[in-house]
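Please look at the sequence and the 3D structure shown below, and keep both at hand while you read.

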Amino acid sequence: LVVGIWVARYLGPEDFGTLNYVIALTALFSSLARLGLDGVAVREFVNHPQHNDKYIGTVFWLKALGGAAAFCALVGPLFLVTGVTENSILIALASAGFFLQSFEVVDFYFQSKVLAKFASICKLVQLAGSSILKVFLIINQADLLYFVGIIFLDAVSLAAAYSIAFKIKSKYPLYSVFDKKIAKNLLRDSWPLMFSAIVVMVYMRIDQVMIQHLLGSGELGLYSAAVKISEVIYFIPVIITASVFPAIVNAKKISRAFYLARLQYLYTFMAWLAILLSAPIALLSHHLIFWLFGESFVGAASALAIHVWSSIFVFIGVVFSKYLIAENLPVIALKRTIVGALVNIVFNFWLIPIYGITGAAIATLIAQVIANFGYDIVDARLRGQLKMKIIAILCPWTLLGGVK
């Protein structure tokens, strides 16, 4: 976060906006490159340890093909439509990292063997190196091209770290085996997950792509600064929910009433934690933007003051997603994400030309409300959850009673 803010201050709104446009556009296609194999690969490594050599090699080459397909799908049409421009060169450079996503198979293998700390070490080494390089570029007053180049170097360094860690900790070959039957089975299971991941990425990134095309890089730079502050707290519900949700699921074995009581407590806790974190950010939005990013970014203050309230529905939505998994309702998770993405696109098209980046923040907030609350109205199975979410926001005093 600190290095990211330093980069933003150095580049200024225009170049920072271009950098975030490149990141957003490549992120949209990264889901295609992954082919939805992440969770499926871990499952198969666990289920078929005697054939790990075949699964490792097959997943490696499938992801290599996915990376090549994603690169061609993005860069090919881009150069045909726009020709050789500065933006197209930057996007091609950043998306070249797709070819190296195949090395993520090492992460999946480590997860399956409960050796995730080695993958984490690889990622920390890559992050530290990337941060040092960015500071070096700032000190030496480098051009935007070099900062985009770091996106590709990140992929190279992570792939190298994975390769070394795999060679040390595994007896299997990394890419010398490919099994067509296994590949077919993997893709049969993974394509719905790939589609879901693409929808999620559209939901998260489409506003930035649309701002670039409707308002330009300068406005996108301002919006990206606001989003960077607003989303800095999004890791909190993920960590808390991952920690406590097993206890909530275990309560189901005792009674459904006890299970729902614990779920209600978590909903309420998350809602008011988000409110207490969002309120000072919204009230101090102008000062935060000025202190962190400088005077050239103060135009982002109004967007931040609105966008940060989306965190209430993000926090609740993380709990709701876990509920859908516990109740084996994955189709609902996909449907509500599709609804949220479509609403986000429609409202961005409507509000950005009228209100600029503030309109984009409003569109994000509306999309979050509809995806996490509005969808529950039309699905009878979720009416009880809708009531619990409303109680979570309107009745904070329920936290005082606690839950065993």
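This is a predicted model: local features need pLDDT of at least 70, side-chain atom pairs count only at pLDDT 80 or more; totals for chains, interfaces and linings use all residues.

Residues are numbered from 1 along each chain as its sequence is written, and side-chain values use heavy atoms, with hydrogens and water left out.

What does D376 pair with in a salt bridge? Its partner is K389, and the closest N and O atoms of the two are 2.7 Å apart; a salt bridge is a side-chain nitrogen of Lys or Arg within 4 Å of a carboxyl oxygen of Asp or Glu. K389 is also buried, with a relative accessible area of 0%. Since D376 lies in helix α16 (residues 357-378) and K389 in helix α17 (residues 383-394), the pair ties together parts that are 13 residues apart in sequence. Helices are DSSP runs (H or I, at least four residues), numbered from the N terminus.

The structure holds five salt bridges, and one of them joins E104 to K63, with the closest N and O atoms 3.4 Å apart. This pair links distant parts of the chain, for E104 sits in the loop between α4 (86-95) and α5 (105-112), whereas K63 belongs to helix α3 (residues 52-82), 41 residues apart. E104 is buried at a relative accessible area of 16%, and K63 is buried at 0%. Together with R34, these residues are linked in a network of salt bridges.

In another salt bridge, the side chains of R381 and D379 meet at 3.0 Å, N to O.

Patches are made of residues with over 30% relative accessible area and no salt bridge, where like charges are joined within 9 Å and nonpolar side chains (Val, Leu, Ile, Met, Phe, Trp, Tyr) within 5 Å. D15 is found in helix α1 (residues 2-34) and counts as partly exposed, at 31% relative accessibility. A nonpolar surface patch is formed by V84, I89, L145 and Y146, with about 410 Å² of accessible area together, and Y146 has its place in helix α7 (residues 144-169).

Key: Accessible areas come from the Shrake-Rupley method with a 1.4 Å probe; for residues, only the protein chains shown count as cover. Helices (H or I, at least four residues) and strands (E, at least two) are DSSP runs, numbered from the N terminus. Buried means under 20% relative accessible area, exposed over 50%, partly exposed in between (1.4 Å probe, protein chains only).
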